[in-house]
There are 2 protein chains.
Amino acid sequence: MASIRSWLSIRTGSPFSIANIPFGIISTKASATPRPAVAIGDWALDLAEFSANNGFSGLSTIQPHQAVFSEATLNAFAALGRPVHAAVRKYLQSVFLLDTPFPDVLKNNKSLQNSALLALKDVQMHVPFDIGDYTDFYAGLNHAYNVGVLFRGPSNALQPNYKHLPVGYHGRASSIVVSGTPIRRPRGQILENPAAEKKVPIYSACRKLDIELELAAFVCKSNPLGAPVPIDEAEDAIFGVVLMNDWSARDIQAWEYVPLGPFGAKNFGTSISPWVVLADALMPFMAKGLENENELLPYLKQRSEKNMYDINLKVELATSAGNTTTLSETSSRNLLFSFPQMLAHHSVTGCNMQVGDLLGSGTISGLEAHQRGSMLEQNENGKTAIKLSGGEERKFLEDGDTVVISGACGSDPNALVGFGECSGTILPALKS
Amino acid sequence: MASIRSWLSIRTGSPFSIANIPFGIISTKASATPRPAVAIGDWALDLAEFSANNGFSGLSTIQPHQAVFSEATLNAFAALGRPVHAAVRKYLQSVFLLDTPFPDVLKNNKSLQNSALLALKDVQMHVPFDIGDYTDFYAGLNHAYNVGVLFRGPSNALQPNYKHLPVGYHGRASSIVVSGTPIRRPRGQILENPAAEKKVPIYSACRKLDIELELAAFVCKSNPLGAPVPIDEAEDAIFGVVLMNDWSARDIQAWEYVPLGPFGAKNFGTSISPWVVLADALMPFMAKGLENENELLPYLKQRSEKNMYDINLKVELATSAGNTTTLSETSSRNLLFSFPQMLAHHSVTGCNMQVGDLLGSGTISGLEAHQRGSMLEQNENGKTAIKLSGGEERKFLEDGDTVVISGACGSDPNALVGFGECSGTILPALKS
């Protein structure tokens with residue numbers, strides 16, 4: 001069924017309705033050069049081609065800056081700032097409207113439709129930004145609590161700092177990959193018997209390979225070193241959001257992480273969805289996040305209580321035997337701190353943020369078992385097995401398993417603001 | 001006194017003897033474009049100018065690649081690989097030899113001397129690489145032990161994993177600055193009374209601003225995601241070494257670091273010395289590092305026992321009152337793991353290293369009090385004061401303090417392989 005609002009046939013239920021207009025980087029067989037595009041329905045609009053053929057003739061704002069659409073990443077476009085992103089999105093929506101005020105741009109321009117509207121199934125997606133630094137936060141309160149209970153018991157589950165600041169750590173930017181990239185099961189040091197008096201690790205393939213359901217935000221505004229970003233300006237620095245799977249080797253992590261945090265257990269691959277949903281597209285879906293009984297310090301206080309995105313999130317596991325199971329369904333409201341709060345905290349000591357930096361939310365879990373965003377939480381660190389369709393079960397991921405995270409805002413199936421998919425399949429470990 | 005070996009006057013005691021030939025990125029008032037150079041004596045040889053004027057006419061190896069000397073970073077030169085770095089260094093040494101086999105290149109070419117040999121005092125230095133990812137290790141055993149004693153007592157000073165793997169964490173690449181850049185005292189959350197039942201942080205300027213004496217190595221070889229670097233190949237991936245001061249806000253760190261490691265306490269600035277001493281230049285100064293009673297897993301076993309650089313390191317503190325005190329003198333042999341071991345471990349789970357990545361060693365401390373590479377260790381976390389010249393004393397750094405790290409290999413004052421300086425002056429915190 002076609003959308004009621006566009007001249008382009010957009011199927012009902014598409015994550016890329018005309019209400020969305022997410023940005024990504026594509027290439028094709030015909031042209032291997034990576035370039036910006038937006039997704040609409042089952043199509044990608046090639047912005048290099050669109051721009052080169054007067055597609056932006058109706059939007060004077062962008063005309064001096066059209067070189068950004070010939071770049072191989074979104075960094076240059078993002079650096080133009082949120083008012084420009086908003087104007088470009090609104091203009092592209094208007095181009096696709098049934099009653100578009102710009103019919104000659106694309107609606108009545110078969111030639112440009114042929115060259116610039118590419119079937120999504122035929123385009124190759126790329127990591128959309130040149131990511132300078134990647135930081136992963138830990139703002140999923142329920143996840144932090146669940147993991148804390150497993151490792152320290154319920155009375156010490158959360159550390160004293162947890163509700164006062166968005167706990168985070170620097171991650172590895174180079175190993176961020178786009179959805180669909182296979183993930184090699186890592187090898188590393190693990191401690192087979194943590195209870196033994198003499199702690200001697202072995203070198204082994206990971207036996208506790210896990211997922212982490214996260215959102216991640218791209219930064220579109222830089223600040224100089226030594227000049228923190230005030231909380232009231234932090235929202236201007238959020239370009240948009242993707243889904244993220246922060247693959248985790250729990251056994252490697254358990255041995256290595258004291259006292260400086262996770263390292264090799266995380267840096268073998270972090271998958272993100274390819275289409276960046278603009279912060280502007282998410283504005284209608286703001287909601288209150290989790291309650292925090294603590295008074296926050298002023299540098300973290302946001303004006304609006306509705307500072308969290310309400311995105312419906314789903315994690316599915318498809319086994320090589322052909323069974324697909326929904327592992328988790330939850331909402332991104334299950335966060336204690338928002339991306340602007342993370343950014344304000346990140347820069348409070350003076351850290352310089354740069355356009356293209358990526359901020360991960362931390363694992364998002366609801367309160368119930370089927371809302372948990374990691375297998376570790378669902379199986380109580382391997383004590384129980386997770387039941388899958390077709391009689392299969394899992395403690396952690398097996399070789400050949402494919403994990404698919406999806407997410408969307410809204411209830412009108414013709415106006416979804418969706419993310420598409422963030423997927424990855426586990427390859428067996430290399431021979432030692 | 002001139003060096004006996006070069007036609008160029010090189011003063012005795014210069015860190016940049018003809019035995020060294022370190023690489024950096026310079027700019028000048030006359031030409032603001034950053035470009036590669038080498039340091040020799042009190043001079044920088046501008047490699048863009050040298051290359052453009054047939055300077056490399058005697059070295060066929062580099063001729064097809066001379067575009068690397070027009071780049072604004074050393075990444076492209078580094079990516080050519082260690083055999084090329086070695087050939088270029090050896091050639092440049094021969095160009096400066098008293099009996100140079102290439103007299104027409106520079107020795108008898110006053111015109112090129114005038115345009116390409118620039119007084120060091122007149123050149124502006126830049127961060128020498130585009131640093132994709134920065135990782136800081138913790139391989140300074142004595143430092144790790146001293147800090148462990150302060151926070152957990154002598155019986156639990158070192159974590160069980162410490163001697164089995166080079167503990168490390170991902171750092172912030174964007175806030176790495178070149179020597180001479182002032183460091184703004186950070187503000188952030190600190191817990192004034194850690195012993196209190198109710199732990200409520202305040203927002204404050206850092207009161208425990210500290211230094212960390214480190215080495216850091218630049219990576220010159222990439223590996224694909226999922227393909228670890230074998231230990232026998234890891235040495236080929238080390239381009240060269242700089243001095244590093246990993247400025248640390250101890251009070252912010254103490255509150256924030258559990259459970260994911262240091263974050264804002266480190267990302268407000270990390271200073272490095274501007275001249276990268278090639279790994280090849282350091283080869284004559286290899287020595288045994290610290291003893292490790294543990295049998296290492298094979299992926300960390302290096303063939304040679306002499307796997308550590310023997311660099312004499314010094315930390316000086318100059319106060320705004322005009323007093324200069326040597327805070328620490330030690331050797332870089334005080335490490336438990338070498339850079340090749342760090343790199344092998346970094347990639348063991350499959351992490352892809354990239355040309356330009358920076359690996360920090362961790363704080364380097366000797367056994368004695370005056371050999372400790374942080375103030376935290378010298379003052380027992382603020383319990384005692386460090387005596388300075390002129391009757392001053394310090395627990396931690398005060399505004400206006402300048403810290404200068406220097407280091408050099410060798411004992412012949414006409415053949416030093418030195419690093420020059422890594423310095424930084426503390427600016428007062430911003431008004432809240």
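# Reading a two-chain predicted model

User: Which strands pair with β14(B), and in which sense, parallel or antiparallel?

Analyst: The general idea comes first. Strands of a sheet pair through backbone hydrogen bonds, in either a parallel or an antiparallel sense. Here, strand β13 (residues 213-219) of chain B runs antiparallel to β14(B), joined by seven bridges. Within that pair, Gly240(B) of β14(B) has Phe218(B) opposite. Strand β17 (residues 277-278) of chain B also pairs with β14(B) in the antiparallel sense, over two bridges, and Leu278(B) in β17(B) is the bridge partner of Gly240(B). Strand β16 (residues 270-272) of chain B is antiparallel to β14(B) too, again with two bridges; there Ser271(B) stands opposite Asn245(B).

User: How do I read a strand order such as the one for the open sheet in chain A, and which strands are its edges?

Analyst: Read the order as a walk across the sheet. In chain A the open sheet of five strands goes β9-β26-β25-β20-β21, and its pairing is mixed. The edge strands are β9 (183-184) and β21 (324-331) of chain A, each of which pairs on one side only. At the β9 end, two bridges connect β9(A) with strand β26 (residues 417-427) of chain A, and these two run parallel. Ile183(A) has Ile426(A) in β26(A) as its bridge partner.

User: What is the strand order of the open five-stranded sheet in chain B?

Analyst: It is β9-β26-β25-β20-β21 in chain B, with mixed pairing. The edges are β9 (183-184) and β21 (324-331) of chain B. For an antiparallel pair inside that sheet, take strand β20 (residues 312-318) and strand β25 (residues 402-409) of chain B, which share seven bridges. Glu316(B) faces Val404(B) of β25(B) across that pairing.

User: Which residues touch the most other members of the largest nonpolar core?

Analyst: Phe50(B) and Leu92(B) do, in a core of 124 residues. Setting aside neighbours within four places in sequence, the contacts of Phe50(B) include Leu45(B), Phe56(B), Tyr91(B), Leu92(B), Val105(B) and Ala116(B). Another core, of 78 residues, lies apart from the largest one; Val167(A), Leu300(A), Ile311(A) and Val417(A) are among its members.

User: How many residues of each domain of chain A are in contact with the other domain?

Analyst: The domain assignment of chain A gives domain 1 (23-126) and domain 2 (134-427). In that chain, 19 residues of domain 1 are in contact with 16 residues of domain 2. The C-alpha centres of these two domains of chain A lie 30 Å apart. Between them about 1500 Å² is buried, 66% of it from carbon and sulfur atoms. The count of salt bridges between domain 1 and domain 2 of chain A is one.

User: Where in chain A are the two residues of the Asp280(A) and Arg82(A) pair?

Analyst: Arg82(A) and Asp280(A) form a salt bridge with 3.4 Å from N to O. Asp280(A) is in helix α8 (residues 279-282) and Arg82(A) in helix α3 (residues 82-96) of chain A, 198 residues apart. Arg82(A) counts as buried because its relative accessibility is 11%, and the cut-off for buried is under 20%.

User: Are Asp246(A) and Lys266(A), which also form a salt bridge, buried or exposed?

Analyst: Asp246(A) is buried, at 1% relative accessibility, and Lys266(A) is buried as well, at 7%. Their side chains meet at 3.3 Å, N to O. For contrast, Glu393(B) and Lys387(B) form a salt bridge at 3.1 Å, but Glu393(B) is partly exposed at 41% and Lys387(B) is exposed at 63%.

User: What area is buried between chain A and chain B?

Analyst: About 5400 Å² is buried there, with carbon and sulfur atoms giving 62%. His170(A), Leu260(A) and Phe263(A) supply 16% of the area that chain A buries against chain B, more than any other three residues. The contact takes 61 residues from chain A and 61 residues from chain B. Four salt bridges are counted between the chains; Arg172(A) and Asp133(B) form a salt bridge with their closest N and O atoms 3.4 Å apart.

Notes:
Residues are numbered from 1 along each chain as its sequence is written. Chains are lettered from A and ligands numbered from 1 in the order in which they are written. This is a predicted model: local features need pLDDT of at least 70, side-chain atom pairs count only at pLDDT 80 or more; totals for chains, interfaces and linings use all residues. Side-chain values use heavy atoms; hydrogens and water are left out. Two strands pair if DSSP finds at least two bridges between them. Helices (H or I, at least four residues) and strands (E, at least two) are DSSP runs, numbered from the N terminus. A nonpolar core is a set of buried Ala, Val, Leu, Ile, Met, Phe, Trp, Tyr and Cys residues joined through side-chain atoms within 4.5 Å. Buried means under 20% relative accessible area, exposed over 50%, partly exposed in between (1.4 Å probe, protein chains only). Contact means heavy atoms within 4.5 Å. Domain bounds come from an automatic or database domain assignment. Buried area is the accessible area (1.4 Å probe) that two parts lose on being put together, summed over both.
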